[in-house]
Amino acid sequence: MRCYLHALLVCILLAVFSSLYVLNQLASSLDAQDERTLGKPQGVPQSGRHATGCNPLPVSHWNPYWRQPADVCGVNCLLESPHRERLNTKTSKDERMHLAVVACGPRLEETLVMLKSAVLFSTKLLHFHIFAEDHLHESFKEALDSWPAEIQPQFNTTTYPITFPRDNAAEWKKLFKPCASQRLFLPLILKDVDSVLYVDTDILFLNPVDELWALLSRFDASQLAAMAPEHEEPRIGWYNRFARHPYYGATGVNSGVMLMNMTRIREKRFKNDMTSVPLRWDEMLMPLLQKYKLNITWGDQDLLNIIFHHNPESLYVFPCLWNYRPDHCIYGSNCQPAEQEGVFILHGNRGVYHDDKQPAFRAVYEAIQKYPFGESMVRALLLPLEAALQTTKHTYCGRASHLFTQRLQRSVRHSPQSHRQQR
């Protein structure tokens with residue numbers, strides 16, 4: 001009986017060693033295939049493993065770091081092996097700031113001035129996503145291509161046609177203003193973009209886009225968008241006095257400047273007053289319009305207020321200095337954060353850049369419009385603007401116009417343009 005047990009044990013040991021040999025051969029063949037597929041690493045910087053004399057041996061399921069020789073790099077083997085390229089491809093972070101705008105009708109020049117203000121003061125690379133009617137595409141390309149060569153590296157541009165769901169395109173397009181509701185569909189169109197800053201065409205940046213973009217990092221786990229209140233003073237608020245639909249908070253929110261984490265928007269199921277079942281963004285929009293289309297005045301902004309009324313935990317509210325409108329000064333100054341720090345973004349809604357109703361707003365628009373790239377930003381932008389604002393002191397907003405230049409002075413000092421001029 002003992003002889004049979006010895007024989008069985010020998011057979012088991014032989015089987016185990018045979019299996020190990022087969023696995024080792026298979027691992028070697030897979031490694032060789034990896035080397036043929038990936039090739040030798042080219043131009044590896046003298047850092048990490050290569051600075052310490054580690055060998056660039058491939059790592060795989062069959063050849064894990066604990067089976068590598070002592071001169072291969074321990075637990076960091078995967079990060080410091082040819083497989084690193086595959087890993088970096090999957091985890092590389094998009095460092096651009098994505099800025100989206102929708103331009104229809106006679107909005108070409110206004111949009112270009114807005115984009116110019118974004119480029120003047122920002123430091124990180126901007127990617128412009130311009131949604132425009134087809135006949136405007138070539139005009140945008142020619143205008144942006146005409147900007148000086150030293151400005152071109154600061155931005156990329158992609159233009160898109162105006163796109164709405166086929167079955168209801170006409171209804172969406174005429175909602176409030178031509179094409180304005182396009183912003184609701186950005187998460188569904190820009191599927192490969194994680195986050196975007198949407199702005200209306202009548203926005204002017206007086207502060208680097210970088211600082212508003214940085215607010216994305218302040219979102220808690222539930223928040224997926226950021227906007228400013230529609231009003232600071234309830235006594236002059238529109239939503240709390242006239243709205244015939246739900247709205248966010250005490251006075252609603254204004255969607256002219258809207259920061260969006262679109263990955264979260266695409267993933268979230270939203271509470272709503274149409275069904276007890278939470279709905280995805282794309283499932284919710286059309287039923288929401290059908291329910292409230294006779295009750296809304298400001299189009300897609302009203303729909304956003306309804307959505308965040310039912311999902312208040314999903315909204316980050318930033319202060320009015322990021323969306324400063326005539327309402328903040330036309331009845332006397334009522335944006336306290338701007339009183340302390342100045343205006344970061346000017347929002348010239350109701351066409352005030354193009355009429356004489358609010359000459360202080362128009363002065364800022366025309367100063368940025370007329371500023372020639374490459375000239376001194378102090379002499380060719382800031383000083384002419386300050387002189388123009390002095391002529392607007394007969395208006396309420398003109399009396400508050402020092403808030404328009406307070407932050408702008410800092411932005412001019414620290415702008416990439418000013419640094420180039422100093423060199």
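**Ground rules.** I worked from a predicted model, in which local features need pLDDT of at least 70 and side-chain atom pairs count only at pLDDT 80 or more, while totals for chains, interfaces and linings use all residues. Residues are numbered from 1 along each chain as its sequence is written, and side-chain values use heavy atoms, with hydrogens and water left out.

**Entry 1, disulfides.** I looked for pairs of cysteine sulfur atoms within 2.5 Å, which is what I call a disulfide. The count comes to three disulfides. With bonded cysteines counted along the chain, I wrote the pattern down as 1-2, 3-5, 4-6.

I found Cys-104 joined to Cys-179, S to S 2.0 Å. The pair links distant parts of the chain, 75 residues apart. Cys-104 sits in the loop between strand E1 (97-103) and helix H4 (108-121), and Cys-179 in the loop between helix H6 (169-173) and helix H7 (186-189). My helices (H or I, at least four residues) and strands (E, at least two) are DSSP runs, numbered from the N terminus. The S-S torsion of Cys-104 and Cys-179 is about -95 degrees, so I noted this disulfide as left-handed. Both Cys-104 and Cys-179 are buried; buried is under 20% relative accessible area, exposed over 50% and partly exposed in between, with a 1.4 Å probe and protein chains only.

Cys-320 and Cys-335 both lie in the loop between strand E8 (315-317) and helix H13 (336-341), so the pair ties together parts that are 15 residues apart in sequence. I noted a torsion of about 100 degrees for Cys-320 and Cys-335, so the disulfide is right-handed. Cys-320 and Cys-335 are both buried.

I found Cys-329 bonded to Cys-397, S to S 2.0 Å. Cys-329 is in the loop between E8 and H13 and Cys-397 in helix H16 (residues 396-399), so parts 68 residues apart in sequence are tied together. The torsion of Cys-329 and Cys-397 is about 90 degrees, so this disulfide is right-handed. Cys-329 is buried at 0% relative accessibility, and Cys-397 is buried with a relative accessible area of 0%.

I then looked up Gln-182, which lies in the loop between H6 and H7. Gln-182 counts as buried, at 0% relative accessibility. The Gln-182 side chain reaches the backbone nitrogen of Thr-163 at 2.7 Å. Leaving out residues up to four places away in sequence, Gln-182 touches residues including Val-102, Phe-131, Phe-164 and Ile-189; contact means heavy atoms within 4.5 Å.

The axes of helix H15 (residues 377-390) and helix H17 (residues 402-414) come within 11 Å and cross at roughly 175 degrees. That makes H15 roughly antiparallel to H17; the cut-offs are under 35 degrees for roughly parallel, over 145 for roughly antiparallel, 65 to 115 for roughly perpendicular, and oblique for the rest. Among the residues that meet, I listed Leu-382 and Leu-385 in H15 and Phe-404 and Leu-408 in H17.

I found H4 and helix H14 (residues 359-370) packed at an angle of about 75 degrees, with their axes 9 Å apart. H4 is thus roughly perpendicular to H14. The residues that meet include Val-113 and Leu-120 in H4 and Tyr-365 and Ile-368 in H14.

Technical notes: Axes fitted to C-alpha atoms, helices over the stretch in contact; angles between N-to-C directions. Polar contact = N/O pair within 3.5 Å; in protein donor to acceptor, adjacent residues only side chain to side chain.
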